[in-house]
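Let's take a walk through this structure together. Keep the viewer open as you read.

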Amino acid sequence: MNDKVTKKFLFFFPKCECEKPIIYHLVKDYNLIVNVFRAKVTPNEEGYLVLDITGTQEDIDKALEFVRTFKVAISTTTKGLNWNKEKCTHCGACLTQCPTNALRITNPKTREISFDESKCIECLACITACPFGACDSVF
Amino acid sequence: MKTYEEINKKIESGKAVVLTAEEVLDYVNKKGLESAAKEIDVVTTATFGPMCSSGCFINFGHSKPRIRISEAWIEDVPVYAGIAAVDVYLGATQLRYNDPANMEYPGLFKYGGGHVIEDLVGGKSLQLFALSYGTDDYPLKELRTWFTINDLNQAIMVNPRNCYQNYNVAVNASDKRIYTYMGILEPNMGNANYSSAGRLSPLLNDPLYETIGIGTSVWLAGAHGHVYAEGTQHTGDVPRNKLDIPTSGAGTLALTADMKKMNPKFVRGVSLRGYGVSLALGIAIPIPILNPTVLKRTCISDRDILAPVVDYSSDYPNNTGKILAHVTYEELRNGTITIKGKRIPVGSMSSYAMALEAAHLLADEIRRKDFLLSKPIAMLPKSNKLNSLKIKRRT
């Protein structure tokens with residue numbers, strides 16, 4: 001029960017919740033280790049935050065409950081970076097640009113590109129490198 | 001040993017033995033060259049990658065009243081109108097009107113000629129804006145309308161240069177990142193990019209142009225087309241290895257096919273950061289196994305093919321002709337090459353997965369009796385040299 005786990009989340013902060021120090025409370029009150037990959041406040045004063053949270057499952061659950069009280073939308077499935085399989089032609093222009101090998105060739109025979117979301121740190125280098133627009137950011 | 005007519009008869013009877021260029025080596029190793037040459041009728045080769053010298057002729061049909069188009073734009077991408085009244089040529093690398101290009105370096109080049117061609121083949125509704133100076137017989141001076149490929153009389157792809165026999169491996173020896181048609185190249189040879197289907201590539205499986213010639217039937221993005229000429233910049237007079245495989249660019253093909261019959265999956269607009277737009281195409285070409293020599297040519301592996309490594313920060317732009325090293329496609333596909341003692345990670349601009357799919361699709365069509373081979377009406381030149389452009393005073 002006290003084993004620590006790491007989970008990736010995308011938080012969407014509606015306009016009214018951008019100025020509150022929510023991450024501070026995650027660390028201070030819920031004993032969590034927070035690793036922020038990417039954060040952005042839009043001109044509409046909405047905020048996006050992609051982060052890893054490490055802690056016991058119990059602490060993470062309590063923390064998420066706390067976060068939800070601020071009307072923050074929490075997603076574990078939507079990632080900040082999307083790889084569109086239909087647009088990908090498996091050319092390999094991204095291979096040397098992706099620093100974590102989240103985009104890689106898994107089967108050397110077919111040479112198809114695959115995307116491992118858990119390895120993606122959302123550096124967005126693939127968006128610049130892809131000639132076919134297969135990678136894009138939700139914010 | 002076999003003629004084109006005999007192979008076509010076997011295809012029509014549904015008994016043709018067809019293998020892809022990937023499958024043929026193992027088959028020949030198992031059966032022996034002589035008996036495999038008797039059995040195998042066709043080997044399919046293929047490639048998929050950006051091919052800048054591509055484009056299409058379009059005929060819109062005549063409007064009421066008539067217009068003799070002198071300038072025109074499709075989705076704001078300019079097309080060439082210096083031909084008959086409602087004919088235009090749309091080129092793959094044409095930028096959209098008002099594209100800032102590299103004024104905001106490195107430019108995004110989100111949409112251009114290649115993307116219009118992709119959208120046309122994809123059946124999308126596109127905007128035509130056309131101007132004219134007006135004549136007695138063609139009075140209309142301005143026209144704006146929307147059309148799809150089905151509204152056109154003809155949409156014929158006519159590509160002056162496709163299927164480069166071999167290609168450079170690009171690196172960047174400078175201390176700044178550069179943006180090229182070979183992708184993003186990191187400083188101090190931080191990465192390398194190649195662009196070829198290697199052992200699957202058409203002209204690497206027919207290195208001396210013994211079966212692929214003018215008139216050869218090809219699978220151009222799913223449509224049945226032809227080689228209509230040698231490709232621009234074609235040269236047969238290049239260094240070759242002991243299997244006669246060129247160790248640099250060499251041969252090219254000029255291809256044509258009906259765009260109305262193309263598969264949109266193999267016609268893809270390309271945006272190259274800091275460079276421009278282009279069009280990636282999937283092309284498959286059948287090689288008739290006329291005799292054991294032709295078959296042996298198709299039995300290449302990636303370790304037999306050498307590609308030149310070129311510095312795209314200085315030697316390529318200055319056209320010095322300098323080659324840093326040669327590497328094999330086996331090394332390239334393994335993901336790292338070593339140049340001057342430095343291990344360099346490798347990416348690519350061409351898609352082996354899509355090329356393989358094209359080779360299989362063509363093989364299936366031949367097996368289903370849907371695709372016949374054609375004997376060339378003329379062969380490609382084997383000994384012509386390339387000229388370079390001399391910048392000089394008027395003489």
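**A helix pair in chain A**

H1(A) and H2(A) cross in a right-handed way; a crossing is called right-handed if the near helix is turned clockwise from the far one by less than a right angle, and left-handed if anticlockwise. Before going further, note that this is a predicted model, where local features need pLDDT of at least 70, side-chain atom pairs count only at pLDDT 80 or more, and totals for chains, interfaces and linings use all residues. Residues are numbered from 1 along each chain as its sequence is written, while chains are lettered from A and ligands numbered from 1 in the order in which they are written.

Back to the pair: H1 of chain A covers residues 22-30 and H2 of chain A covers residues 57-68, and they pack at an angle of about 145° with axes 10 Å apart. Axes here are lines fitted to C-alpha atoms over the stretch in contact, and angles run from 0 to 180 degrees between N-to-C directions. Helices (H or I, at least four residues) and strands (E, at least two) are DSSP runs, numbered from the N terminus. On the H1(A) side, the contact uses Ile22(A), His25(A), Leu26(A) and Tyr30(A), and H2(A) brings Asp59(A), Lys62(A), Ala63(A), Phe66(A) and Val67(A). Contact means that the C-beta atoms of two residues, placed from the backbone, lie within 7 Å. By class, those residues split into six nonpolar, one polar and two charged. Ala, Val, Leu, Ile, Met, Phe, Trp, Tyr, Cys and Pro count as nonpolar, Asp, Glu, Lys and Arg as charged, and the others, Gly among them, as polar.

Now for the partner chain. In all, 16 residues of chain A are in contact with 21 residues of chain B. The chain A side of that meeting has six nonpolar, eight polar and two charged residues.

Chain B itself contains seven helices and 22 strands. Of its 395 residues, 50% count as buried, meaning that 20 or more other C-beta atoms, placed from the backbone, lie within 10 Å of a residue's own; 12 or fewer make it exposed, and anything in between partly exposed.

Ile305(B) counts as buried because it has 25 C-beta neighbours inside 10 Å. Leaving out residues up to four places away in sequence, Ile305(B) touches several others, including Gly198(B), Leu204(B), Ile245(B) and Tyr329(B).
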